[in-house]
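The sequence and the coordinates are shown first, and the description follows.

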Amino acid sequence: MTMKLYFAPGACSFVPHTLLEAVGEPFEAVMVKLHKGEQNSPEYRAINPRGQVPVLVDGEAAITQIVAIVDYLDRRFPQMGFLPTQALPRARLLETLAWMNNTVHPTFTHVFMPFKYSDKPEVQAELKAYNAQAYRPMLAEIEAMARGAADRGDGFLGGAQFGPLDAYALTLLRWGGFAGIDPTSFPALWAHVQKLAQMPPVARAIARERLQLNVYQAA
Ligand SMILES: N[C@@H](CCC(=O)N[C@@H](CS)C(=O)NCC(=O)O)C(=O)O
């Protein structure tokens, strides 16, 4: 049975989206329009009661949470080498993936969706400004990873193979544009993202999501 990915354009679902494209087996990509609140419809809540993308459906199983989906895809398609097989390198990669998912990503959510954290407009404005500032040094950490990978001659953030860190890094840098952060101010990461965008599986996901990589607009 064909796997199904529920995704939203430009959202974190870009991570499994690119991995599925890299696998190259047919899958169904189902768009969820977050700005229209489709994630809160009873039909979607029946698939993911938490009302979020991504959801990967494989047969009877609906899997949520990027870290779990990545681990699942890695075990399902071990030939892709999305995660290292050795215990320590695997832990190191998951350490960074979890940090992107549980720290960097929610920092941006405070900028993009401050209404999730307060119903008071003045508090929302403060949350937005504070977290946009907090986001920049996090991107600087990812910039250092991209620089390190380039210095070592590794093609990708997780080593020699394209994987979840690369796709998440692209997403997080792109989001920075919405937080008033010029992506070109992180030259190694910006170069890495542009290189990724040329890869056919990543390019296919970008095309399906109709993404513009640099959304930064100078104030
Ligand atoms: N930790 C979750 C984060 C998922 C998440 O934040 N998804 C966002 C898009 S990037 C979403 O669906 N937001 C819709 C909403 O919260 O209403 C995961 O790894 O899947």
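Arg 210 lies in the segment after α8 (200–209); helices here are DSSP runs of H or I with at least four residues, strands are runs of E with at least two, and both are numbered from the N terminus. The model is a predicted one, in which local features need pLDDT of at least 70 and side-chain atom pairs count only at pLDDT 80 or more, while totals for chains, interfaces and linings use all residues. Residues are numbered from 1 along each chain as its sequence is written.

**Backbone features**

Arg 210 has a positive phi of about 55 degrees, although this residue is not a glycine. Arg 210 is exposed, with 8 other C-beta atoms within 10 Å. The burial classes rest on C-beta atoms placed from the backbone: a residue is buried if 20 or more others lie within 10 Å of its own, exposed if 12 or fewer, and partly exposed in between. Gln 65, in the loop between β4 and α3, is likewise not a glycine and takes a positive phi of about 75 degrees. Gln 65 counts as partly exposed because it has 16 C-beta neighbours inside 10 Å. In the hairpin of β3 and β4, which has 2 residues between the strands, Gly 59 takes a positive phi near 65 degrees.

| Residue | Positive phi |
|---|---|
| Arg 210 | about 55 degrees |
| Gln 65 | about 75 degrees |
| Gly 59 | near 65 degrees |

A cis peptide bond, with omega of about 0 degrees, joins Val 53 and Pro 54. Pro 54 is found in the loop between α2 (42–47) and β3.

**Strand pairing**

Two strands are taken to pair if DSSP finds at least two bridges between them. Strand β3 (residues 55–58) pairs with strand β4 (residues 61–64) in the antiparallel sense over 4 bridges. Within this pair, Val 57 stands opposite Ala 62 in β4, and Asp 58 stands opposite Ala 61. Strand β3 also pairs with strand β1 (residues 3–7), again in the antiparallel sense, over 3 bridges. There, Val 57 of β3 is the bridge partner of Lys 4.

**Domains and the core between them**

The protein chain is divided into domain 1 (3–80) and domain 2 (87–199), with bounds that come from an automatic or database domain assignment. Taken over C-alpha atoms, the centres of the two domains are separated by 20 Å. Contact is assigned when the C-beta atoms of two residues, placed from the backbone, lie within 7 Å. On this basis, 10 residues of domain 1 are in contact with 11 residues of domain 2. On the side of domain 1 that touches domain 2, α1 (14–23) and α3 (66–76) each supply at least two residues. Helix α1 gives the most to this side, with 5 residues. By class, this side has 8 nonpolar, 2 polar and no charged residues; Ala, Val, Leu, Ile, Met, Phe, Trp, Tyr, Cys and Pro count as nonpolar, Asp, Glu, Lys and Arg as charged, and the others, Gly among them, as polar.

A nonpolar core is a set of buried Ala, Val, Leu, Ile, Met, Phe, Trp, Tyr and Cys residues joined through C-beta atoms within 7 Å. The largest such core has 50 residues, and those touching the most other members are Val 15, Leu 19, Val 70, Tyr 168, Ala 169, Leu 172 and Leu 173. Helix α6 (residues 164–178) contributes the largest share of this core, 8 residues. Both domain 1 (3–80) and domain 2 (87–199) give residues to this core, so it lies between them. Residues up to four places away in sequence not being counted, Leu 172 touches Met 100, Val 104, Leu 139 and Ile 142.

Arg 174 is also placed in helix α6. Arg 174 counts as buried because it has 20 C-beta neighbours inside 10 Å. Apart from neighbours within four places in sequence, Arg 174 is in contact with Gly 10, Leu 213 and Val 215.

**Ligand surroundings**

The ligand is surrounded by 13 residues, of which the closest are Ala 11, Cys 12, Gln 52, Val 53 and Ile 66; a residue is near the molecule if its C-beta atom, placed from the backbone, lies within 6 Å of it. By class, this shell has 7 nonpolar, 6 polar and no charged residues.
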